[in-house]
Amino acid sequence: MNKRPVTVPDILERKLSRKKITALTAYDYSFSKLLDATDLDIILVGDSLGMVSLGHENTLSVTLQNMIDHTRAVKQGAQRALVVGDMPFMSYQVSVEQAVSNAGRLIQEGGASAVKLEGRMADRVEAIVKAGIPVMGHIGLTPQSVHQFGGYKVQGKNYLDSRQIRQDAHDLQNAGIFSLVLEGIPGELAEEITAELKIPTIGIGAGTKCDGQILVLHDLLGINQDFVPKFVKQYAQLADSLKEAVGEYIQEVQDEVFPGQEHTYHSQKGNLKQVNDRD
Ligand code: KIV
């Protein structure tokens with residue numbers, strides 16, 4: 001595979017070419033390597049890591065060190081796709097200086113090519129971009145605000161909220177983001193924002209009209225069976241395949257079918273006999 005690495009200008013160019021941007025999450029080397037061998041544009045090391053890989057209830061207890069470690073693992077598997085590292089809760093909310101410094105760590109220590117942060121954070125974005133770090137925005141149903149929203153509820157359904165989200169999109173664009181994740185908002189609002197912005201939008205639960213789409217990889221693969229939201233399409237049922245494969249393994253070990261001779265190493269002819277003869 002000798003494909004050119006995807007760059008931030010490539011993503012920006014998609015707004016004009018109208019070729020849809022494709023993005024998925026990954027959290028480790030193995031999945032990253034598999035994704036990188038496809039034509040996927042962006043691998044996001046999302047802070048959904050907290051629920052998917054670390055077993056937390058939400059994203060709020062994910063630390064910057066968690067994100068750095070997993071971003072580094074993903075980067076090692078990705079030579080072609082653009083790797084974006086998510087800034088976890090409280091790694092950019094305290095001050096502009098904190099935001100720039102922690103974004104820098106995701107680039108320097110994690111190896112990300114860009115960072116993503118949630119919410120109405122134009123001043124943070126401006127400063128991070130000034131430091132030379134590309135930023136992806138993320139508005140709508142932003143999971144780090146789950147307590148403020150009172151749950152994972154679709155945002156921007158009423159007129160006032162929809163105007164605020166639209167304004168946030170423009171403010172973030174003016175601050176310098178290169179793309180904007182729109183999560184959990186009505187399709188009509190996402191379409192309006194997408195038509196108005198010069199930078200591409202990437203939707204998740206935001207209808208059909210965004211410039212690209214993103215999903216959590218484990219949702220797409222049908223690994224996560226706890227809850228399947230309306231906006232998710234499962235393209236595989238890996239949980240079922242995994243259970244079937246492991247069930248077969250257990251049975252074959254019990255029945256002494258596995259390992260077979262073809263999985264067994266053998267000593268050189270006579271060697272064991274000589275050892276035994278010495279005993
Ligand atoms: O953390 C994440 O996985 C995300 C995407 C779902 C957009 O932010």
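Among contacts (heavy atoms within 4.5 Å) in the protein chain between residues at least 6 apart in sequence, 57% join residues at least 24 apart. This is a predicted model, in which local features need pLDDT of at least 70 and side-chain atom pairs count only at pLDDT 80 or more, while totals for chains, interfaces and linings use all residues. Residues are numbered from 1 along each chain as its sequence is written, and side-chain values use heavy atoms, with hydrogens and water left out.

**Overall architecture**

- The protein chain holds 12 helices and eight strands, where helices (H or I, at least four residues) and strands (E, at least two) are DSSP runs numbered from the N terminus.
- Taken along the principal axes, the box filled by the C-alpha atoms of the protein chain is roughly 85 × 40 × 35 Å.
- The domain assignment, whose bounds come from an automatic or database source, gives domain 1 (8-236) and domain 2 (241-278), and the centres of domain 1 and domain 2, taken over C-alpha atoms, are separated by 46 Å.
- Of the 279 residues of the protein chain, 46% count as buried; buried means under 20% relative accessible area, exposed over 50%, and partly exposed in between, with a 1.4 Å probe and protein chains only.

**Nonpolar cores**

- In soluble globular proteins, nonpolar side chains tend to be buried together.
- A nonpolar core is here a set of buried Ala, Val, Leu, Ile, Met, Phe, Trp, Tyr and Cys residues joined through side-chain atoms within 4.5 Å, and in the largest such core, of 50 residues, Ile128, Leu180 and Leu182 touch the most other members.
- Not counting residues up to four places away in sequence, Ile128 touches Met87, Ala99, Val100, Ala103, Val115, Leu117, Ile133 and Val135.
- Another core, of 16 residues, lies apart from the largest one, and among its members are Val6, Ile11, Ile21 and Ile42.

**Buried strand residues**

- Lys116, placed in strand β4 (residues 114-116), is buried because its relative accessible area is 2%.
- When residues up to four places away in sequence are not counted, Lys116 touches Leu44, Val84, Gly85, Asp86, Met87, Met136, Gly137, His138 and Val181.
- Thr201 lies in strand β7 (residues 201-204) and counts as buried because its relative accessibility is 0%.
- With neighbours within four places in sequence left aside, Thr201 is in contact with Leu180, Leu182, Ile193, Thr194, Cys210, Asp211 and Gly212, and of these Leu180 and Leu182 are also among the residues that touch the most other members of the largest nonpolar core.

**Packing of helices α2 and α4**

- Helix α2 (residues 29-36) and helix α4 (residues 64-77) pack at an angle of about 40°, with their axes 7 Å apart; axes are lines fitted to C-alpha atoms, for helices over the stretch in contact, and angles run from 0 to 180 degrees between N-to-C directions.
- The crossing of α2 and α4 is right-handed, a term used if the near helix is turned clockwise from the far one by less than a right angle, and left-handed if anticlockwise.
- In this pairing, Tyr29, Ser32, Lys33 and Asp36 of α2 meet Ala73, Val74, Gln76 and Gly77 of α4.
- By class, the contact of α2 with α4 has three nonpolar, three polar and two charged residues, where Ala, Val, Leu, Ile, Met, Phe, Trp, Tyr, Cys and Pro count as nonpolar, Asp, Glu, Lys and Arg as charged, and the others, Gly among them, as polar.

**Backbone features in loops**

- The peptide bond from Phe258 to Pro259 is cis, with omega near -5°, and Pro259 is placed in the loop between α11 (238-254) and α12 (271-278).
- Arg18, in the loop between α1 (8-17) and β1 (21-25), has a positive phi near 65° in a residue other than glycine, and Arg18 counts as exposed because its relative accessibility is 72%.
- Met90, in the loop between β3 (82-86) and α5 (96-108), likewise has a positive phi, near 70°, and Met90 counts as partly exposed because its relative accessibility is 41%.

**Separations along the chain and in space**

- Pro229, found in the loop between α10 (217-220) and α11, is buried because its relative accessible area is 15%.
- Pro229 and Leu54 are 175 residues apart along the chain, and their C-alpha atoms are separated by 20 Å.
- Asp240, placed in helix α11, counts as partly exposed because its relative accessibility is 38%.
- Asp240 and Glu252 are 12 residues apart in sequence and, C-alpha to C-alpha, 18 Å apart in space.
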